[in-house]
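Please open the model in a viewer and keep the selection tool at hand.

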Amino acid sequence: PRPLVLNYYMESGLAYTEDRVAVRRVKFSCQKQIAWQRIRSHFEGFGLVEELHYQVPEQRGSVLYKKANQACQALYSKYHWVGGEQVTVIASPSWEQPEEEVVVVEEAGSPTVGSAEDLPPIDDALRQVLHYLPLDARIAFAISCRRFWGIYELESRTLTKNLSLTHVSRLTRWGICSLMRASGPDIRRLEGGPLPWLWPHFEVLTQMLGPSCRELKELHLTEVRLHDSHLHNLFQRPEGLTQLTSLSLKRCQFRDQDLFTLRTLAQLQTLDLSGNVLLRGDTLGCLPPSVVSLNLTLCENLKPDRLPRLGALPDLRELRCPMIGLRSFNRDWLELVGLIGQEPVYACLAMSCPRLELLEISACPNLDEEQVARLPRLRTLIVNAVPLEPEPYQVNDDLLRSLANSESLRHLELGRGEAGFVSSASVVHIGRLKQLEFLLVRNLNGDDLLELRYLIQLQHLDISDTLDLDNGVVKCLVKALVHLRHLMVQRCPLLTEAVIPHLQKVLLNRQSLPHGEPILELDV
């Protein structure tokens, strides 16, 4: 049971903290200065005092008793009187209580527990029970005695390898300290968020993660506000999380100046900053040079002309930046349509980041999208539609025309826009990308799809949401695309089951795949 007013409760002649730790150390504060000898003489009246700390100018201190029942006697009254002056006494919190010594008595012939196979049958049953307990209950189990602690340590390698911040946020400060002490070396991944409102122990968690979790490689936070002290504890201290390889800070109110704190992460490869609307991109060049994959999706105030600053990242291979600059984009597109010129963003990006292999962007009428084809190693291009844009709004025909000169492109996705987002002329240009292996293009005109029959290397085709797609077009495409292995035609109302026999006849002459894999997967 938790105390209602005080920070302890009493049971069987002992006082316990809310974590059920026996109280031996108590705190006191005085209204006026009292002589040190009077204070000591007063508290020695309840039992043998091992330590007494008294800061006379601050008028507060702490007392450590030899036995817990002696501290309990001192706590029976919250207010004491010493020389006519009032002294307030409370229990010290769990993490300030001394650790209890556990005397381990081993029976003759009992095995030394070094692995799960060495456990006696009863202990092995307890080990299985741990898998059904929540994190706070497992911690309480571990600290019960030395024997349970050993059982917990064996299972910690699997139970706490991937840790949820939701579960950690249910722990008290003392519980966090116990978790770090028992399982810190076993934690490889921590993810979750948002935190409970006004959770008071996040500062303690950020202080302990670095020193305790030296094998932590992945940290993924969502909607967790990181203040300067948190960033210092996590990333800037010598004992911080410098070993991270994957970091995700989604919607964490990250600012441009906060990016400087990530510079120490010399092993970081994957960085996700999506949804941080305070980012403008002024300090993108200050990110760790080891970053290979960067996600800036929905950073609405990030200015596209800041993207070339990523040239400071020599290993950057993947960049996802759709839905950036949305507020200025919408305003310009609505008010200045037909009057705006093209902003040279992708030409500069191609020069500064020539090693990009994956690029995800939003279709924007006032950017030089046709310059994307200048990326010499581009293998994957994803162009998304921005919602609520006025017509006409479609993929840039010049972009698709220029991609015909790209020899590296293998994967093309034209996001889920409204009808007309991909025009008939654009489909013709797509049909000339004969090196494509993956194509997603939806909500098209059924007759336009016949232009795709020239993509002879295509293995995956998604043409869902095409309202006038019929059996004849599907049969023609499957017949022409000899390497096709996966066809998605979801939400196409004119397709019927009658197409199946026709497809079976077309596929009879196809060479069987090894390991019993299907020749063609049809997803409807």
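Is F148 buried, partly exposed or exposed? F148 is partly exposed, with a relative accessible area of 21%; here buried means under 20% relative accessible area, exposed over 50%, and partly exposed in between, with a 1.4 Å probe and protein chains only. The model is a predicted one, in which local features need pLDDT of at least 70 and side-chain atom pairs count only at pLDDT 80 or more, while totals for chains, interfaces and linings use all residues. Residues are numbered from 1 along each chain as its sequence is written, and side-chain values use heavy atoms, with hydrogens and water left out.

**Stop 1: aromatic pairs**

The structure holds four aromatic pairs. Rings of Phe, Tyr and Trp (its six-membered ring) pair if their centres lie within 6.5 Å; planes under 30 degrees apart count as stacked, over 60 as edge-to-face and the rest as tilted. Select F28 and Y54: their ring centres are 5.6 Å apart and the planes stand at 45°, so this pair is tilted. Because F28 belongs to strand β3 (residues 25-30) and Y54 to strand β4 (residues 49-55), the pair ties together parts that are 26 residues apart in sequence. Helices (H or I, at least four residues) and strands (E, at least two) are DSSP runs, numbered from the N terminus. F28 counts as buried at 2% relative accessibility, and Y54 is also buried, at 10%. Now select F141 together with F148: the ring centres are 4.3 Å apart and the planes are at 5°, so the pair is stacked. F141 counts as buried at 13% relative accessibility.

**Stop 2: the five-stranded sheet**

Switch to a cartoon view and display the open sheet of five strands, whose order is β4-β5-β3-β7-β6 with antiparallel pairing. Two strands pair if DSSP finds at least two bridges between them. At the edges are β4 and β6 (79-82), each of which pairs on one side only. From one strand to the next, the twist averages 25°, with axes taken as lines fitted to C-alpha atoms, for helices over the stretch in contact, and angles running from 0 to 180 degrees between N-to-C directions.

Select β4 with strand β5 (residues 60-65); the two pair in the antiparallel sense over six bridges. The bridge partner of V49 in β5 is Y65. Next, select β6 with strand β7 (residues 85-91), where four bridges join the antiparallel strands. In β7, T88 is the bridge partner of Y79. β6 and β7 form a hairpin with two residues between them, and G83 in the turn has a positive phi of about 60°. On β6, colour H80 and V82 as the covered face and Y79 and W81 as the uncovered one.

**Stop 3: the largest pocket**

The largest pocket has a volume of about 900 Å³. On a 1 Å grid over the protein atoms alone, a cavity is a set of points where a 1.4 Å probe fits but cannot get out, and a pocket is an open set with protein on both sides within 12 Å along at least five of seven lines; lining residues have an atom within 4 Å of a point. Grid points are joined across faces, edges and corners, and a volume is the space filled by probe spheres set on the points. Select V21, I143, W174, S178 and R181, the closest to the pocket centre of the 31 lining residues. The elements that give two or more residues to this lining are α4 (135-142), α5 (146-159) and α7 (173-183). The lining divides into 15 nonpolar, six polar and ten charged residues; Ala, Val, Leu, Ile, Met, Phe, Trp, Tyr, Cys and Pro count as nonpolar, Asp, Glu, Lys and Arg as charged, and the others, Gly among them, as polar.

**Stop 4: the cavity**

A search of the whole structure finds one cavity of 30 Å³ or more. About 50 Å³ of space lies in the largest cavity, and its lining residues include L165, L190, F202 and L234. α8 (202-212) and β10 (218-222) each give two or more residues to the lining, and α8 gives the most, with four. By class, the lining has eight nonpolar, one polar and no charged residues.

**Stop 5: backbone features**

Select G193 and P194, whose peptide bond is cis with omega near -5°. P194 is placed in the loop between β9 (189-192) and α8. Finally, select S12, which has a positive phi of about 55° although it is not a glycine. S12 lies in the loop between β1 (9-11) and β2 (14-16) and is exposed, with a relative accessible area of 74%.
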